[in-house]
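Hello,

Here is the structure you will be working with. Please open it and keep it beside this message while you read.

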Amino acid sequence: MCMRFEVVRALIALALFGAGPAFASEVVASVRDDSDAPVAEAVVVAVPEVPVKLPAPRLESIVQETKEFKPFVKAVLIGTPIEFPNRDDVLHHVYSFSPARSFELKAYSGTPPVPIVFDRPGPVAIGCNIHDWMLAYVYVSESPYFAMTGADGHARLADLPPGKYSVRVWHARMVVHEPETAQPVVLAGTSATEVVWNLKLKRDSRIRRTPTRSGGGYR
Amino acid sequence: MLKRAITCLLWFVVSSGASAEDVLDMQAGALYDSNLSRAQLHYDIKSDTALQAALAWGRFVPLADNLSLRATLEAGGEAYTRYSGLNNLALGASLGMRRKFGLGAFAPWASGSASAARLEYQNSIRDGWRYELGLGAGKRLTESWDAEANFRYQHRTADKELAVVPGISGAVFDLQSHEVGLKSEYGLTDRVSLAVGFDFRRGDVASTTLRNFTIFTNSDAIALDPVFGPNAVGYRIFALTRVWRVGTSYALGTANSINVGAERWISRARGGLDYYNTLVGASYVHAL
């Protein structure tokens, strides 16, 4: 009797915790522009209606190499510390004015001793005060369920517990505001739910690095 | 004094610390000038095309959060297809400082620079030194559009003074000028940018013509100028020059570009002496 009770309890525990993904759903997102071309480096976020406990954030990094930030877009969970190692043999002066996280790392080489903690959700644009063309984005997600699109414009958010979600997309050049992209999704069982966006993008008008005859450079 | 300054600059270029960036800027191209002789009458107007090359090598040093220094040694040369006496080499040095007033790509900036170069021509009548002082200020208005204003003082000295008229200086190629300018660049696409500019120059112009009484009475230096023929006479006159510029640049990766541009110079001097130049050029630019 006691043995049978233990087996049932173990099965329930397995269903609830150990074998969670077997009952989890996934969102397959497709992001395309208004000419139907796939959009890479878009961040897709699924925000559950019922708040979930967030995992402990891990240290991330955005490096400076050959006078560029790498990667160009990094999506992180709220509260994530990010370090900015300078792998160039020249100084970089990293800053952001974004409301979600403004900061300044004055001209330095190597890795600053204290990482920057991104503790408010939203996009953060990052630049270098010496090399004006250097640009990167940190997207800070308030939900643990997020992913970034690849070159094919697809992103897969796996292992989502069943329930109601608001699924949004963010891209550095999109015309609409992020909340306007929200789509309600109800996940049940183990099926995959497809979410599609066709985004109108602004033209890529990043500051030009290439020199011209008339100069115009930073030095 | 100048040698000492160049030696100090060379020492700085070679020994500046680990925080410094290397500067290696190279340009090569061709430039057509419709009125090389700066002449008014059609039979005096001489046009030619020059192949040009220039190199700047040095260091860029961030001195403080918003202050930087650039020190370079510079070399350049021109080779003309017809008037070979104008072929020249220039060797010099340049020092510039730039300050940003604030943080970020859109912060306004101001700069100052000084340079000196030795000029050696195939025909030595133009040999001399060129000194320049420059001031500039600018601001990026959007990611694609920036604008700047600048001031430049230039003094060219000539080694030789070959006076041909008693009592009148022969230092035709000893020239001074002040120039103010505006320049703006706009990125049409991620590869193509368009630049426009305007300069207003006030100063000496060396004009070479056959003997000409009107120019004679309005010039303050006269010398023979064999570069344009045995009977050509060079005159130094004071003129106001307006320069209109337009150009486009095509990016080849992050360090190289191809540039095409045109300039229209309109010079007005005393006595109704007007000179018009059209310059058209193409160049390849590399920057480390």
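The centres of domain 1 of chain A and domain 2 of chain A lie 24 Å apart, taken over C-alpha atoms. Keep in mind that this is a predicted model. The assignment gives domain 1 two stretches, 20-51 and 148-199. Domain 2 covers 53-142.

How do the two domains touch? Seven residues of domain 1 of chain A are in contact with eight residues of domain 2 of chain A. On the domain 1 side, strand S2 (residues 43-48) of chain A gives the most, with three residues. By class, that side of domain 1 has six nonpolar residues and one charged residue. It has no polar ones.

Now chain A as a whole. Chain A has 17 strands and one helix. It has 219 residues, and 34% of them count as buried. Look also at the contacts in chain A between residues at least 6 apart in sequence: 65% of these join residues at least 24 apart.

Next, the contact between the chains. Chain A puts in 27 residues and chain B 33 residues. Which strands of chain B supply at least two residues each to the side that touches chain A? Among them are strand S1 (21-33), strand S2 (48-64), strand S3 (67-80) and strand S8 (175-187) of chain B. The largest share, four residues, comes from S12(B). By class, the side of chain B that touches chain A holds 15 polar, 10 nonpolar and eight charged residues.

Best wishes

Note on methods. Residues numbered from 1 in each chain as written. Chains lettered and ligands numbered in written order. Predicted model: local features only at pLDDT ≥ 70, side-chain atom pairs only at ≥ 80, totals over all residues. Contact = placed C-beta atoms within 7 Å. Nonpolar A, V, L, I, M, F, W, Y, C, P; charged D, E, K, R; others polar. Buried ≥ 20, exposed ≤ 12 C-beta atoms within 10 Å, placed from the backbone. Domains from an automatic or database assignment.
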